[in-house]
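Subject: Structure handover

Hello,

Please find the structure below. My notes on it follow.

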Amino acid sequence: MTTIIVIENITPQVAVEFSQDQGPQGGQGVTGSTGPTGPTGSTGATGATGPTGLTGPTGPTGTTGATGVTGDTGPTGPTGTTGATGVTGATGPTGPTGDTGATGATGPAGATGVTGATGPTGPVGATGTTGVTGATGPAGATGPQGVTGPQGVTGDIGPTGVIGATGPAGATGPTGPVGATGATGPTGATGADGGGANFYDYKVKTTSTSGDPGNTHLIYNNATQISATQINVSHIDNDGFDIDIFLALIKQNDTLIIQDNNTSDNFQKWTVSATPTLQTGYVQIPVTFVTSGGTGTTNFSNNQNVIFVIFSAGIVGPTGATGPIGATGATGPQGVTGNAGATGATGPTGPIGATGPQGVTGDVGPTGVIGASGPIGATGPVGATGPIGATGPAGTDGVTGPTGPTGPTGATGSNATALPDILMLGGM
């Protein structure tokens, strides 16, 4: 079989032919002395490879000699300086390969000469026969059991599951009745009313609901007058008097009446609901509406003349001591406690630690030799059969006579079929 490979990536293209035919191999030629190396010529084109000769038989393998003593390794010399790399010349075309000549004898070391042609390889000697395989030795005794490796680390225990919420507490039993409250002590006597009422002339202003009402005026903080919660009163009344000292005496629980100065049926009645606040030029009076009549209910008109009446409330006497509080009734029974909540799920178990290494197994001990099977005993001879009695005359069936005794069984003879078994055991 011949293979041809075409190399396309070079110019000119080269076709190389390989043959698998084996030609004869010549003997090893004498190696000539190495001459000086000549200049490298242009590489010629590669010639066709000749057929390969047949491989001769392999010779017997010689005995391996003893290994010589390895000498000491000498010290490594210093590495020389690497010279500069020369310019690479252009590669010439590959020339044809010449015949390989015989190798000359190795001469003394000197300048490298021209390499001689390689001679043909001699035939390979025949392969020697394989020696007989030696008998297998007995199996060794079983070694002791290896030490068991240490126990792996036990994995961490998983976290404990969350404890379920405690069930709601049972309802608390009803509280026992409260003991009767002791009688309240008598209320102290009410003090006498304060001095008589005072009144002052003013004008109503309906164009404003907050801030300074202006001299001689009073205003409401709501356009619907009886819905007001505060009345602002100037400290200069309609007569031109500064009554600031009297306005400062107004206190919580005093009564105020605003009345048309010509008709008493037109009025509004108020109670002071908190301590008034004095401002520059006027006072802010918190009030609670009590009752009204006539135009006092439907609103006084703007700049209507009214009288502003102040009734001071008398001082209330001290309240009498409160009677003792009765005993507290018995507390009702405790309600039933609710059921405890379910216990949370147990957390997962941690991973099991790695198992320690297995101890070394000892060698298997030798198997004992199987003993030889003993011979099977010979079989005794078969006893002779007794004679048959004469047949009586035909007639009525007579009484059957007793069966005669059985003759003794002879010794069993040798068993010829056992030999193959013995042979089989011997071949195991």
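N303 sits in the loop between α2 (295-298) and β10 (305-311); helices (H or I, at least four residues) and strands (E, at least two) are DSSP runs, numbered from the N terminus. The phi of N303 is near 65°, which is positive although the residue is not glycine. With a relative accessible area of 41%, N303 is partly exposed; buried means under 20% relative accessible area, exposed over 50%, and partly exposed in between (1.4 Å probe, protein chains only).

This is a predicted model, in which local features need pLDDT of at least 70 and side-chain atom pairs count only at pLDDT 80 or more, while totals for chains, interfaces and linings use all residues. Residues are numbered from 1 along each chain as its sequence is written, and side-chain values use heavy atoms, with hydrogens and water left out.

N303 is one of the residues that H217 touches; contact means heavy atoms within 4.5 Å. H217 belongs to strand β4 (residues 217-220) and counts as buried because its relative accessibility is 12%. A polar atom of the H217 side chain lies 3.0 Å from the backbone oxygen of N215.

T216 is in the loop between β3 (198-204) and β4. Its phi is near 75°, again a positive value in a residue other than glycine. T216 has 18% relative accessibility, so it counts as buried.

On the strands: β4 and β5 pair in the antiparallel sense over 3 bridges, where two strands pair if DSSP finds at least two bridges between them. N232 in β5 is the bridge partner of I219. Strand β5 (residues 230-234) is largely enclosed by the rest of the structure, because 4 of its 5 residues are buried. β5 also runs antiparallel to strand β9 (residues 282-293), joined to it by 5 bridges. There, S234 stands opposite Y282 in β9.

On confidence: the protein chain averages a pLDDT of 72, and 40% of the residues score at least 70; pLDDT is the predictor's confidence in each residue, from 0 to 100. Over residues 14-21 the pLDDT stays under 50, and the model has 26 contacts for them beyond four places in sequence. Residues 414-428 also have pLDDT below 50, with 5 contacts in the model beyond near neighbours in sequence. Where pLDDT is low, the predicted coordinates should not be read in detail.

Regards

Terms used
A polar contact is a pair of N or O atoms within 3.5 Å; within protein, one must be able to donate a hydrogen and the other to accept it, and residues adjacent in sequence count only if both atoms are side-chain atoms.
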